[in-house]
Amino acid sequence: MRIFTASLATETNTFSPVPTDLNAFRAAFYAPPGQHPDTPTLCSSVVPILRQRGRAEGFTVIEGTSCWAEPAGLIQRAAYEHLRDEILGQLAAALPVDGVVLGLHGAMVAQGYDDPEGDFLERVRALCGPDVLIAAEFDPHSHLTARRLRNLDVMAAFLEFPHTDFEERGAHVVDLALRAIRGEIRPVISSFDCRMITIYPTSQAPMRGFVDRIAALQGRDGVLSVSVIHGFMAGDVPEMGTRIVVVTDNDPEKGAALARRLGHDLYRLRRQTAMPMLDTEAGLDRARAIRRGNPDRPVVIADVWDNPGGGVAGDATHVLRRMIERGQTNAGVATVWDPVAVGFAHAAGEGAELGLRIGGKSCAEGGEPLDLRIRVMRVLDEGWQSFRNSRVTLGRVAVVRVLDTELDIILITSRSQTYEPDIFANLGIDFAAKDYLLVKSTNHFQAGFAPVSSEIVYVSAPTSYPTDPATTPYRKASHDLWPRVPDPLGLDG
Ligand SMILES: [Zn+2]
């Protein structure tokens, strides 16, 4: 048995001011054949999992390139085509194979390509022919297109948001692919369009219960796998929206019925899934009140929409500016993306005091830059943080402290959302001693930060992220979706 595996992944926010080129992939994660580390990345866990299973079970695994760019704006056409053709060339050289297992994200958009993954899968299918099994793992913040479904035999997305199960779901996809190649199962994919878009954190009700229910359906009565494609509201493409995916053992009628039933149930929950958010003033008031009642642990303030993981730059200043003006400055800030400020801090050196212009450079929506007198506390050529078992680079970094305060700001060059508290500890910041931790992430930080904080306050401050799908000026996405229309499936009556 011969299996080819590779990973091509990023998430494209078509509203982001940050363009994506080849360099963005090389800077974030780029592993040529055979050089994928033993630890997985978010979208490439199928590669090390297959490598290990191939060794243990005695089949041949041919590794192609694995790469990932931090979510950002439209991918340069030549960059997408280069990476696509690199992997297709590796696959062509590996033929004949019995299966292809890919680590995708599913929300890429490139210049001239609204559905790069569909284009890529179609070309993989054309190379392999109809009889070779093609499987892929996706991030749920993706777009499910008919073109992908036509060319896939097996697919699953992470069930959890935060995506704490990305490795487990990679193993699940690999397992289904191997069983199908060995003739033990005949997977068939069914899907249902929920005609809506919102956010679905699984760390809280009602999504916690919904995902637990889905997990219990898998592996019994001919149901091999169930996924919710949450959709990605910052990607303006024709098939943007929430879908249910069910993979059955050759029972498409059952799969379609189950997908429809689950889709209707999720649709009925649509007004309740998003976490409650406050505006900046109310959020900072709330954080102060929580801190007064609980002096032992920091309060986490999430700048929900200035999340580089959703494709924006991560250099918005609204919340940080108000924290300084209000005197809520015994705080750690992870992070502000600012390559120029990092360069200045490195050039000045540790211990130097200087005036530094911080943030607010990528676009007008995130607020003006902050001009602060700071001391350079720490400079490093490569900072990093964990996300579960994976290691996420921050690029060249600097920690600066605003003079006459306890406010420590982590400045980064490789855009990344905040995942785990070790982002502070790795840079010598005693986060447990702070009153407030300002993080830039929608919900991925939740798994790591909940145990070390008294409470999490979700703040909705302005950025370039399109936060309200009811009013976002979509040009390609369907307008016949909730919340643009109240009841597109007609189930409210
Ligand atoms: Zn995601």
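In what order do the eight strands of the open sheet lie? The structure is a predicted model, in which local features need pLDDT of at least 70, side-chain atom pairs count only at pLDDT 80 or more, and totals for chains, interfaces and linings use all residues. Residues are numbered from 1 along each chain as its sequence is written.

The eight strands follow the order 12-13-14-15-11-16-10-17 with mixed pairing; strands are DSSP runs (E, at least two residues), helices are DSSP runs (H or I, at least four), both numbered from the N terminus, and pairing requires at least two DSSP bridges. Strand 12 (353-358) and strand 17 (455-459) each have a single partner strand and stand at the edges, so one side of each lacks a neighbour in the sheet. Strand 11 (residues 331-337) and strand 15 (residues 408-412) run parallel and are joined by five bridges, with Val336 opposite Leu411 in strand 15.

Leu411 and Ala177 have the most contacts inside the largest nonpolar core, which has 160 residues. Such a core is a set of buried Ala, Val, Leu, Ile, Met, Phe, Trp, Tyr and Cys residues joined through C-beta atoms within 7 Å; buried denotes 20 or more other C-beta atoms within 10 Å of a residue's own, with C-beta atoms placed from the backbone. Helix 6 (residues 166-181) gives the most to this core, namely eight residues. Domain 1 (2-268) and domain 2 (280-459) both contribute residues, so the core lies between them; the domain bounds come from an automatic or database domain assignment.

How values were computed. A residue is buried if 20 or more other C-beta atoms lie within 10 Å of its own, exposed if 12 or fewer, and partly exposed in between; C-beta atoms are placed from the backbone.
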